[in-house]
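User: Please take me through the labels used for this structure, and for each one set the value against the definition before you conclude.

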Amino acid sequence: MQNITILGSTGSIGVSTLDVLARHPERYSVYALTAHSRVEQLAEQCLKFMPKVAVVGSAAAAQQLSRLLHAEAPHIEVLYGAAALCQVASADACDAVMAAIVGAAGLESTLAAAKAGKKVLLANKEALVMSGQLFIDAIKHSGAVLLPIDSEHNAIFQCLPHNYQRQPSALGVEKILLTASGGPFLTRAVDTLDTVTPAEAVAHPKWVMGRKISVDSATMMNKGLEVIEAHWLFGASASQIEVLIHPQSVIHSMVSYVDGSVLAQLGNPDMRTPIAHALAYPERIASGVGPLDLAMIGQLQFGKPDLQRFPCLKLAYDALEAGGSAATILNAANEVAVQAFLDEKIGFRMIDQLIARTMDSLPLCAVTDIEMLLEQDRLARETVESLIS
């Protein structure tokens, strides 16, 4: 029996994770569930899965949750705040942590799980994008197991040799091919993107995701962050990571080998597949996802990304090449710009412009500890906010 902590249980990944866990009560129990402000949804999850601990974002939210749980589940300990997130991510009673808090907000708790030697199921790509070598070093020093949940990185993980040790050339890996759906604006005229609305941007044609990630998919910053994540997960250089547009989202990614072989992982576009794979690894369990019917799909299409349409993708490659604090600045600037777009303070095409101006205006430095990382994150956010105002 594995005890699971889910960081961000009310988001799309958290909900999908609970769906998989519910199918295998003989294998998994829930140690802790966390949410920032969706208290009523978290209460419903707590009453169904009966965790030992529940964590929310504020004292007021904790009081509300305690009231909702008092009658049926008074034994559930209710905590709040960032320190509590780190506590449940590193607790001795916890075996595995689903790191599904979106954005920089999930960094410290995800890093706490890595330092504590947990089985880390990484759905929060921003944590690895921001902390890079710090995160990888924490995994190595603690002996933690790191398993990617992003469908693309999980696919790559499945296509790599079982003894892969972040050294592509040593085992004949030539290139990593990250597939991308292209989002909702793949064929829309570029000169009309200035008028894109938040509602249009979050209407992804294939995946059901949160608002921030959906906008990132529309700009292809999501894929840019995945390029940086792939670098840290698999030890590949920027030149060894290629993005390929694949609108059907059936091939989730591929690995190209020096002998000409290309291995691909296919499946219906449902996050329960990579979640189930990581939960049970190296075994396999049922995920609830239906079988893939290639005959019904008929054909698969591929193409190269247009960097004029998707300038955020180039910005991510630039940040990876620059190194140091560049990826931290990129991620922070993107989070602020995307939220400003969702709040209708800026237009869609201002997102990449704000990120580029922020990256140009801040000097890069080596990131040697968490304090320096958080300071670079703060400076980038202040810079974007000043540009917006």
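Predicted model: local features only at pLDDT ≥ 70, side-chain atom pairs only at ≥ 80, totals over all residues.

User: What makes lysine 223 and glutamate 152 a salt bridge?

Analyst: The term requires a side-chain nitrogen of Lys or Arg within 4 Å of a carboxyl oxygen of Asp or Glu. The closest N and O atoms of lysine 223 and glutamate 152 are 2.8 Å apart, so the pair meets that limit. In the whole structure, the search finds 17 salt bridges.

User: Where in the chain do the two partners, lysine 223 and glutamate 152, lie?

Analyst: Lysine 223 belongs to helix α11 (residues 221-234) and glutamate 152 to helix α8 (residues 151-159), so that the pair, 71 residues apart, links distant parts of the chain. Helices here are DSSP runs of H or I with at least four residues, strands are runs of E with at least two, and both are numbered from the N terminus.

User: How do you know whether glutamate 200 and arginine 188 are buried, exposed or in between?

Analyst: Buried means under 20% relative accessible area, exposed means over 50%, and partly exposed is what lies in between (1.4 Å probe, protein chains only). Glutamate 200 has a relative accessible area of 32% and is therefore partly exposed, and arginine 188, at 22%, also counts as partly exposed. These two residues form a salt bridge whose closest N and O atoms are 3.5 Å apart. By contrast, lysine 223 and glutamate 152 are both buried.

User: Which salt bridge does glutamate 335 form, and are its partners buried or exposed?

Analyst: Glutamate 335 pairs with arginine 381, the closest N and O atoms being 2.8 Å apart. The pair connects helix α15 (residues 326-342), which holds glutamate 335, with helix α17 (residues 370-388), which holds arginine 381, over 46 residues. Both glutamate 335 and arginine 381 are buried.

User: Why is asparagine 334 called buried, and what is it in contact with?

Analyst: Asparagine 334, which is placed in helix α15, has a relative accessible area of 0%, and therefore counts as buried. Contact means heavy atoms within 4.5 Å; leaving aside neighbours within four places in sequence, asparagine 334 is in contact with Lys212, Asp216, Met221, Ile351 and Ile355.

User: Why are α5 and α17 called roughly antiparallel?

Analyst: Axes are lines fitted to C-alpha atoms, for helices over the stretch in contact, and angles run from 0 to 180 degrees between N-to-C directions. Angles under 35 degrees count as roughly parallel, over 145 as roughly antiparallel, 65 to 115 as roughly perpendicular and the rest as oblique. The axes of helix α5 (residues 107-115) and α17 come within 12 Å and cross at roughly 160°, which makes α5 roughly antiparallel to α17. The contact is made by Leu107, Glu108 and Leu111 of α5 with Ile370, Leu373 and Leu374 of α17.

User: How do you know that α14 and α16 are roughly parallel?

Analyst: Helix α14 (residues 311-322) and helix α16 (residues 350-361) pack at an angle of about 20°, with their axes 9 Å apart, and they are therefore roughly parallel to each other. In this packing, Pro311, Cys312, Leu315 and Ala319 of α14 meet Asp352, Ile355, Ala356 and Met359 of α16.

Key. Residues numbered from 1 in each chain as written. Heavy atoms only, no water.
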